[in-house]
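Visitor: I have a model open and would like a guided look at it. Can you take me through it in short steps?

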Amino acid sequence: MVMDTLCDEYFWIWNLFVRCPGSHNDLIVMHVSLLYLSVTNGEWPPRIYSFTANGPTRTLLYYLVDGIYRQFAFLVSLFPNPTTEVELTFNRHQDALRKDVARCCMLC
Amino acid sequence: MDLSAETMLEDTDDFHVSFAVVAHLEALRHWRKRTRGSRVQRRRRYAGSVAGRQPNTRRNFRSGLRASLRDSFGVTGQPPVYDEGDFERRFRVPRSVFFRIYNTVTDRPFLAQRINATGRLQAHPLQKVGAAFRVIAYGEATDRIDEYVRLSASTTAMKMRDLMRFIVDEFGPTYLRSPTPEEQQRILARNAERGLPGSISFLDCSH
């Protein structure tokens, strides 16, 4: 079963995309999922929220993913080879938050 | 006024109409050809029991229901043979979720217990729901269910399809939706608290 999941801290699954085993690989499953289409069409996420990181204020909210996804503006993945203290800290925080969805996948 | 296709085609004044009619006729012809050639048309309709054909297998639905009740749900005051952990492993959902879906679906016409032409009671909804859940949970063949709850492979496949459609229609709009503004605010605030402001949620894909 190929499964594309989007969930939050309380295991509420906001988006689920299920297909037959072996029919989609990691890249294709992203490109055919409705989530990707809605983001590229500008329907989701809403641009009314803003946050400030490293100075500039941004309105494009993002999803946390692991390293296998492509580099899109709405996906924030890990640094592949962290060396500096900043990168290591970021990776640690990102991993800690992303553990929620990993737990959710284990439950399913 | 004559509105037939020939008249409209002869009418040289209004090219738009004639083009539209030609295109429409072409589309109709194409559509009819496709329908005739498609698999849907050639596939035999499911007919169930037919007089004069091979008789049905003597399945004894009640023994299947009894086995299912005894193993997983408890019958005649006895507790079920398998405990909560086994139930959750085999059906992939806890008992509460299973019964929530079962209670919603049990009165629907596609799953209700029927009486066939010979006056015999057919399979109980619990059998059908249980069979569908086991097929989904393990991804196992529908034929495998036959030995356990005494449902034919075609019945299990049909009921599974119906049940899954029903679940998606019934529970999809409630649970599989976009977050409301309040929920969105809460998630954003919580994630900012945890160190990554602006992250909505987490995306992962598994195989």
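Visitor: What pattern does chain B follow along the sequence?
Guide: Keep in mind that this is a predicted model. The secondary structure of chain B comes to 10 helices and 1 strand. Read along the sequence, the pattern is α-α-α-α-α-α-α-α-α-α-β.

Visitor: What percentage of the 207 residues in chain B is buried?
Guide: A residue counts as buried when 20 or more other C-beta atoms lie within 10 Å of its own. In chain B, the share of buried residues is 20%.

Visitor: Which element gives the largest share of the largest nonpolar core?
Guide: This core has 17 residues. Val129(B), Ala131(B) and Ala132(B) have the most contacts inside it. Two or more residues each come from α6, α7, α8 and α9 of chain B. The largest share is 6 residues, and the element giving them is α7(B).

Visitor: Which residues does Ala132(B) touch, leaving out those up to four places away in sequence?
Guide: Ala132(B) is among the residues with the most contacts inside the largest nonpolar core. Beyond its sequence neighbours, Ala132(B) touches Thr156(B), Lys159(B), Met160(B) and Leu163(B).

Visitor: How many residues are in the other core, the one with Val65(A) and Ile200(B)?
Guide: That core lies apart from the largest one. Its members include Val101(A) and Leu203(B) as well. The number of residues is 12.

Visitor: At what angle do helix α4 and helix α7 of chain B pack?
Guide: Two packed helices are described by the angle between their axes and the distance between the axes. Here the axes of α4(B) and α7(B) are 9 Å apart. The crossing is left-handed. The angle is about 65°.

Visitor: Which residues of α7(B) meet α4(B)?
Guide: By class, this contact has 3 nonpolar, 4 polar and no charged residues. From α4(B) come Phe61(B), Gly64(B), Leu65(B) and Ser68(B). On the α7(B) side are Leu126(B), Gln127(B) and Gly130(B).

Visitor: Is Asn60(B) buried or exposed?
Guide: Asn60(B) lies in the loop between α3 and α4 of chain B. Its phi is near 60°, a positive value in a residue other than glycine. Asn60(B) has 10 inside 10 Å, so it counts as exposed.

Visitor: Where is Thr76(B), and what is its phi?
Guide: Thr76(B) is exposed, because 7 other C-beta atoms lie within 10 Å. Its place is the loop between α4 and α5 of chain B. Thr76(B) is not a glycine, yet its phi is positive, at about 50°.

Note on methods:
Residues are numbered from 1 along each chain as its sequence is written. Chains are lettered from A and ligands numbered from 1 in the order in which they are written. This is a predicted model: local features need pLDDT of at least 70, side-chain atom pairs count only at pLDDT 80 or more; totals for chains, interfaces and linings use all residues. Axes are lines fitted to C-alpha atoms, for helices over the stretch in contact, and angles run from 0 to 180 degrees between N-to-C directions. Helices (H or I, at least four residues) and strands (E, at least two) are DSSP runs, numbered from the N terminus. A crossing is left-handed if the near helix is turned anticlockwise from the far one by less than a right angle, and right-handed if clockwise. Two residues are in contact if their C-beta atoms, placed from the backbone, lie within 7 Å. Ala, Val, Leu, Ile, Met, Phe, Trp, Tyr, Cys and Pro count as nonpolar, Asp, Glu, Lys and Arg as charged, and the others, Gly among them, as polar. A nonpolar core is a set of buried Ala, Val, Leu, Ile, Met, Phe, Trp, Tyr and Cys residues joined through C-beta atoms within 7 Å.
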